[in-house]
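Subject: Structure handover

Hello,

Here is the structure I promised. My notes follow below it.

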Amino acid sequence: MKRDIYWQQMNLNLSDRLILLISGVFLLGKVFVATELIEVETLNRWLCLSEDFSLFVKRPFTILTYAFYHVSFEHFLGNMLFLFFIGRIWFHFLEWKRFWEVFLVGIITGGVLFLGKGYFFREATEHTMLLGTSGGIMSLLAYMAIKTPRHKVNLFTLSIPLIYLFVGVMVLDMFNFTENPGGKIAHLGGAIGGLIYALLSRYNVALRKIFLNDKEAAIEKKKAIAAEQQRIKQLKINKLLEKIGMSGYDSLTEAEKRFLFEASRDR
């Protein structure tokens, strides 16, 4: 709990923490290579996901590690900016626990589709390696597009519903498929993973509404109300922390100070 309060005071949500983690891996890799402690080829071999299935079997952990590893600064920066903006949308509407689940689902489904290409189309395999966070990012975007399709995102002077933004990103991404086909397949796999996860969560909620008896339904309703109250409370805490960060603790009213004190005591 104390750790959670610390992150809240730093005003960092889960996407921000993920960005810090990936940034740390990126910088550490650059330091190791620059100081000649390790070669780039060695890092690629141990962290990237190989299209060659026989190599993947020797290093199955790469189904996860590839997503936290970047080589070029442009690739790293683009993914981190995208992840930053997605996080800003996600934590206004959706559960924080789902964030990690959806992200990991996208990483795995993107990796599996990439491996499937290498396994079933061996004659077209170029023994390439997959790296980068894009599969997880596409999964998060797809999930949000299903859960909150009408929420509008400001893009320059345009206000675009999330569902249209997702479709547009996918169309543009797949437009030139021959350029980096392995990466495009991972993006597609991540999007599929996010879509399936969102649809299954909706289907699960629908089934529970059908089969739960009245007593269980009442309990579930109370839990849902409590969860919504907690979400609203957390949003209020975040706004107060932002106010403290901008104007200092003394800028709070007595009621706001009392609210923060009681919230920290409850935790």
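How much of residues 153-172 is helix, and how much is strand? The span is 55% helix and 35% strand, with its end C-alpha atoms 18 Å apart. Helices (H or I, at least four residues) and strands (E, at least two) are DSSP runs, numbered from the N terminus.

First, the ground rules. This is a predicted model, where local features need pLDDT of at least 70, side-chain atom pairs count only at pLDDT 80 or more, and totals for chains, interfaces and linings use all residues. Residues are numbered from 1 along each chain as its sequence is written, and side-chain values use heavy atoms, leaving out hydrogens and water.

Annotation. An unreviewed UniProt entry lists "transmembrane region" for residues 63-87, 99-121, 153-172 and 184-200. Those positions follow the numbering used here, feature names are shortened, and annotations may be inferred rather than shown by experiment. Residues 99-121 are 96% helix and 0% strand. The end C-alpha atoms of residues 99-121 are 33 Å apart.

Strand 3 (residues 152-155) pairs with strand 4 (residues 158-161) in the antiparallel sense, over 4 bridges. Pairing requires at least two DSSP bridges between the strands. Leu 155 has Leu 158 as its bridge partner. The turn holds 2 residues, and Phe 156 there has a positive phi of about 60°.

Helix packing. Helix 8 (residues 134-147) and helix 9 (residues 162-175) have axes that come within 8 Å and cross at roughly 145°. Axes are lines fitted to C-alpha atoms over the stretch in contact; angles run from 0 to 180 degrees between N-to-C directions. Residues in contact (heavy atoms within 4.5 Å) include Met 138 and Leu 141 in helix 8, and Leu 162 and Phe 166 in helix 9.

Aromatics. The whole structure has 13 aromatic pairs. Rings of Phe, Tyr and Trp (its six-membered ring) pair if their centres lie within 6.5 Å; planes under 30 degrees apart count as stacked, over 60 as edge-to-face, the rest as tilted. Trp 46 and Phe 61 are stacked because their ring centres are 6.2 Å apart and their planes are at 5°.

Regards
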